[in-house]
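Take a moment with the sequence and the 3D view.

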Amino acid sequence: MAAYGVLRDDGGQVLLVQGGDERPDRGAWRLPGGGLRHAEHPAAAVVRGFTEETGLAVTVAGIRAAVADVASLAAGAGLHTDRLVFDVAATTGEVFPPERGGARLGWFTPDSAAAVPVMPFTAELLGRPGTPLPSGLSRVLPLAPTAPAPTISASTARRHRFGAYGLVTDPAGRVLLTLIAEGYPGAGSWHLPGGGTDHGEAPETGLLRELVEESGQVGRVVELVGVDSLHLPGAVGPEGHPLDWHTVRAIYTVVVDEPTEARVLEPAGGSTARASWFTVTELAGLRLSDIAARMVAELR
């Protein structure tokens with residue numbers, strides 16, 4: 001997982017960074033940022049990464065996009081990377097240095113960015129195709145090395161998970177929720193539909209797939225409204241032993257235009273015990289997960 005920032009100047013230009021000769025992204029331009037550390041919130045990661053690469057202190061203004069891509073590696077393997085892109089604002093008046101840490105920095109309009117090699121995820125967010133990347137350079141930037149976080153215990157293995165979840169409503173204003181099954185963290189709580197994305201799967205695609213599997217509903221993604229980071233250092237799930245879980249969740253609003261009776265379609269043994277539609281009034285008496293409680297509060 002990685003987080004990047006879009007910083008614009010007064011003329012609408014976007015700040016990009018170009019990898020130096022010693023970096024795997026040598027010669028290609030991209031948004032400043034990089035990989036998440038274990039248990040690090042994506043918003044904190046983009047502030048840290050932006051400063052490390054540009055020397056500028058920034059604050060997060062909002063979430064812009066959640067994207068995913070796959071890089072081809074040796075022996076036919078593929079590296080799936082989930083990328084969260086934020087709008088950021090500079091909090092320092094200092095002019096950035098022209099070169100920092102072996103990487104060049106520059107301001108680009110969408111048109112000028114199309115004339116230089118740009119990493120595909122950056123070109124897409126700028127609305128431009130970009131020029132071909134230098135020979136031998138992967139189409140996907142490898143994650144930057146991250147400093148190790150303190151371990152919980154020698155026996156507690158770390159796990160990372162990226163998921164997409166939805167505040168799902170129908171034309172009548174009802175809200176769709178799913179009940180977490182026994183044996184899973186949060187069992188007995190009503191949760192937002194969604195779950196972890198599969199290898200090579202975009203967040204929105206994964207969310208709509210999970211919506212069908214968990215409730216039998218066909219939805220339409222409306223908007224990316226937030227990103228959430230959850231750290232459970234000793235969670236015990238179906239594995240039967242504690243794991244140090246770090247989960248990052250992209251949150252969307254979703255509409256089911258033609259709702260049906262909600263029923264779980266995924267195979268037995270999944271994390272969803274039941275799915276149901278609720279009126280806003282009925283939500284007040286439910287035991288809700290943390291993320292569901294925050295999202296439905298905006299409907300009351």
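**A helix and its buried side**

In helix α5, which spans residues 290–297, four residues are buried: Ile-291, Ala-292, Met-295 and Val-296. They sit on the same side of α5, because they cover an arc of only 115° around the axis. The arc is taken from the directions that run from the helix axis to the C-beta atoms. Buried means under 20% relative accessible area, exposed means over 50%, and partly exposed lies in between (1.4 Å probe, protein chains only). Helices (H or I, at least four residues) and strands (E, at least two) are DSSP runs, numbered from the N terminus.

This is a predicted model, in which local features need pLDDT of at least 70, side-chain atom pairs count only at pLDDT 80 or more, and totals for chains, interfaces and linings use all residues. Residues are numbered from 1 along each chain as its sequence is written, and side-chain values use heavy atoms, with hydrogens and water left out.

Now turn to single residues. Thr-247 lies in strand β14 (residues 242–255). Thr-247 is buried, because its relative accessible area is 10%. Beyond its neighbours within four places in sequence, Thr-247 is in contact (heavy atoms within 4.5 Å) with Arg-161, Asp-228, Ser-229 and Leu-230.

Val-47 belongs to helix α1 (residues 42–54). Val-47 counts as partly exposed, because its relative accessibility is 27%. Leaving out residues up to four places away in sequence, Val-47 touches Val-58 and Val-60. Tyr-4 is 43 residues from Val-47 in sequence, yet the two are 8.7 Å apart in space, C-alpha to C-alpha.

Ala-39 is found in the loop between β4 (33–35) and α1. Ala-39 is not a glycine, but has a positive phi of about 75°. With a relative accessible area of 31%, Ala-39 is partly exposed.

The structure holds 1 cavity of 30 Å³ or more. A cavity is a set of points on a 1 Å grid over the protein atoms alone where a 1.4 Å probe fits but cannot get out, and lining residues have an atom within 4 Å of a point. The largest cavity has a volume of about 30 Å³, the volume being the space filled by probe spheres set on the points. Its lining is made of Val-6, Arg-8, Leu-31, Arg-64, Leu-125 and Leu-126.

Finally, confidence. The protein averages a pLDDT (the predictor's confidence in each residue, from 0 to 100) of 86, and 81% of the residues score at least 70. Over residues 138–155, pLDDT stays under 50. Where pLDDT is low, the predicted coordinates should not be read in detail.

Terms used:
1 Å grid on protein atoms, 1.4 Å probe; cavity = no way out; pocket = protein on both sides within 12 Å on 5 of 7 lines; lining within 4 Å.
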